[in-house]
Amino acid sequence: MNPAHPPGWRRLLRLPLGARSIQRDVDDELAFHLAMREEKLRRLGLPADAARAEAHDRFGDTSAVRDECLTIDRQYAREVRLMEWLESLWSDFQYALRTFRRMPTFTAVAVITLALGIGATTAMFTLVNGILLRPLPYPDSDRIVRVIQSYPEIGLDTWGLNQMNVAMYRDRATDFASFAAYRGGSVTLQGPTGPQRIPIQRVTSEFFRTIGVGPAIGRPFTADEDSPRKNTVMILSDGLWHSRFGGDPSVVGKTIDIDGQPYQIVGVMPPHFAFPRPDVAAYVPMGLNPLWRFGFFNAGIGRLKPGITPEHAEAQTTKIMWDWARQQNVAHASVDPSKTRMKTIVKPLHEALTGASARPLTILLAAVTLILLIATANVATLLSGRAAARQREITLRSALGASGRRVLRQLLTESVALALLGAVVGVALAVGGVRMFTHSSLATLPRIHDVTIDGRVLAFTLVVSVASGLLFGLLPAIHAGRVRLTSDLIAGQRESSRGASRRVNNTLVVTQLSLSLVLLIAAGLVLKSFQRLTQVDFGFHPDGVTSIALPLPQRVASDARRLNTFVNAVLSRVRAIPGVQMAALASAVPMSNDGDYDGFLIGGRAAPPNGNEGQTYRIGVSPGYFQSVGIPLLYGRDFAVTDDSTSLRVGIVDVSIANRYWKGAEALGKRIRTTGDTTWFTIVGVVGTVRDGDPALPPEPHLYQSLPQVGDNPLSLVIRATASNGSVIAMVRRAIAEAEPAIPLDDVKTLTSVIDQTFATRRLTKLLLGGFALVALLLAAVGIYGVMSLQVANRSREFGIRLAIGADPRALVRLVLGEGAVLAALGVVLGIAGAVAVTRSLASLLYDVSPTDPVVLLGLPLLLAAIALAACYVPARRAARSDPLSALRAD
Amino acid sequence: MADTETDLLRSSLDLLVLKALSWGPMHGYGISEWVEEATESLLLLEEGTLYPALHRLERRGWITSEWGVSDNNRRAKFYRLTSAGRARFRAEAPLWHRHAQAIAVALKRTSMETA
């Protein structure tokens, strides 16, 4: 309590609190003073008007004094009213808690129901808040944009930047206060405990200034270190600094062995810095060559100057890009780039990072909101059952002088108190749930490390739970508040008021059923598309295949003869291991996205106007790759050991390329080349198509080349083994170490797990949405069960009498089931209508399933109706067993 | 200066009101008469300034008011000390004494020397 108020302050309530009485009191008080003074002056002998003038004179500015007093009194009245309100609210709240203590079962059921709804909503909002709503943890992060490029005409909807692009945006785009580029990679760190492969980012020197966060120890890169031969410096992540260097600050300035070259550590990033990904172990200058026109692998980030929009920067950089394209003849000479859809894409960094998660997260948040509504309706049903039982208490309070509004407020306080209890348990559930989730392997969402329960989440929970308390309190409370005294104080007059509460309850049940059906249908659609998606033929057989990343030391990779020797040595050793059916090397395993995209040309065909036939995914592989991964060889032959740097350049294409220009085996002997290379490759084989990325997209054309002829690095070893057990892998590791000891072998994955990862976000959506739909179904079943039980209990007298006069118990079962069926049917019809209205927004989550899929749209309603009827069966049986005698004894 | 005097008066007026009410309930006019008499008319304050002070003290919970009937049978608003007001007065009065004394001693000094 406010200490300014003495304990007995409530006596002050007798003071005027209304505006008009405050004025009257002040006027009366001042008038009394003036009158007394005037009287005294007159007694001293002054004439009447002189006495009045003197009294006013001695008083001072009457109207100023009056105003000041009024202001003070009005403030005071406001404070008193507020205190009174809070105090009575508190007493209502305490009363509510006492009531709950008297009915522990009801309270427990209601609190658990609400806790589920509020907890799920809080947990989901925590994700939405951490990932979508909270700004990125960088200074003025709304000014940071990501810059990539797009050229739809050549099949590149998104396209990275080459080093020349990076240099020209950095030097010529005046919209940026600073501009930098980054690309992922990995390096081999040699140390006393053996080689370690670490994920790094290759960045330009402005990277740290652009993102706005620099090293916690040491210094950022200098502009000088952007030059190719001066880039042998490294900034460690906090994680690597601790795991590898024991958090020793003196490590700055030391030299370490990276890929066989000495690098100097110049700094350590602060903890929690996780851009662009949390697993980055170190940053290295990319050694920018402003003349290098190949390798469109870099992403740009820019910090916009104040007041500049991303759109403006996009227009500016696009223009720079066109100038470059004209000069480089990127588009065919006959087409000016401004006539193409070639452009840059400049997006706020936050959107670029999280845009893909926005829709699934929003849909999941909508789904939990439905659950909360269903839970709220359940509690409303529970409460209305109790409101009927409490009718007499309420009537008594009304008779004792409590106004309708007062009773209503008491009831609403009770509901809100109930909701707040639910919120406390719900937040505890959410804390546990979110913690479990973010630490699980399911958590593949961007920015997941930014997810915590903060003030905004708690405020959200508070608002949501108070709103739900008001909502479920309002329906029965309005009804109870309307109780008429006279009719209700006379016992036995209960049935009439129950008619009204029954209508309320029936409405609630229908709402619940239809809401849960909407969720069920949404989940059904997502589930079905997920199933379709996992049944997609990837074009290879991942079972039993393991891949091990093999980053080769530069001295091996850059020397064709040594590479050839290494490839043959590793393969012959590994294939000799018992349990290994086949093994091969490749520059990219399926789904790894490690290969190169490049335009391609067909020998004998004139180059198309846009410069190439299309984009192909290019992979260098050793003999045995197709067999190892399970890609069928359709025509021609596999690569052979003899396809090395000294022999004819050969390639293998997939059947989509073969059938586009020839027909099947006719492709053999034809020539193909990539636009990044001038050598023609003779096609010696045709293999099946492979889906190598998002399984929802059609397969892309693949071009395979003989590894010793292209010298890719890093490589992966793929092994098809009868048993994918640890001992085989251990022997494989030993075999590789014997062939070349300087290779780190920490990156071992099964192909099935790689595929699983590409499904991660979809699987997460499916799991959560499916789980939410089940919870909704359960709540709705409990809801209809509760309502039908209540109605059967309320009518037990009627049923008892019917039985007593010879009604067939089975007819009573049918009667109750019939009423339940009507509710279920209404709920189903409304639910289907609702589902049809909202599932359109699901379209982007669906694959090969229409939002109005008939199986889902008809099957699930039947399921729901069956469950609803089953939930009605128990109360129906109870009705049939009503005891005629106890019914007559009631009251 | 007028402002200085007003500030000084306001804080001392609060204390005087509490002192006046320590004798028992009084209406505003009675308090102003008592203050005038008790200070031997040395405090030249406009009578009106008393009322905002009273309302402020009431809002702070140190005094409370009630309508009653005055000696000459008029309706008048009577103020009374609350227990919080009494405590406040007991705490404040000695402070004021010390304060006034300290200033008086200082103002009487005739030389710059320190002892």
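Guide: In this predicted model, 24 residues of chain A are in contact with 21 residues of chain B, a contact being counted when the C-beta atoms, placed from the backbone, lie within 7 Å. On the side of chain A that touches chain B, at least two residues each are supplied by α1 (19–43), α2 (48–59) and α3 (62–102) of chain A, and among the contributors α3(A) gives the most, with eight residues. Sorted by class, that side of chain A comprises 12 nonpolar, five polar and seven charged residues.

To place this within chain A as a whole, the chain is divided into domain 1 (7–99), domain 2 (141–353), domain 3 (357–534 + 760–889) and domain 4 (552–743). The centres of domain 1 of chain A and domain 2 of chain A, taken over C-alpha atoms, are separated by 72 Å.

Turning to the partner, chain B has an open sheet of three strands in the order β1-β3-β2, with antiparallel pairing. Because β1 (26–27) and β2 (63–69) of chain B stand at the edges and each has a single partner strand, one side of each is left without a neighbour in the sheet. Between β2(B) and strand β3 (residues 75–81) of chain B, the antiparallel pairing runs over seven bridges, and within this part of the sheet V69(B) stands opposite R75(B) in β3(B). In general, the strands of a sheet pair through backbone hydrogen bonds, in either a parallel or an antiparallel manner.

Terms used: Residues numbered from 1 in each chain as written. Chains lettered and ligands numbered in written order. Predicted model: local features only at pLDDT ≥ 70, side-chain atom pairs only at ≥ 80, totals over all residues. Contact = placed C-beta atoms within 7 Å. Helix = DSSP H or I, 4+ residues; strand = E, 2+ residues; numbered from the N terminus. Nonpolar A, V, L, I, M, F, W, Y, C, P; charged D, E, K, R; others polar. Domains from an automatic or database assignment. Pairing = 2+ DSSP bridges.
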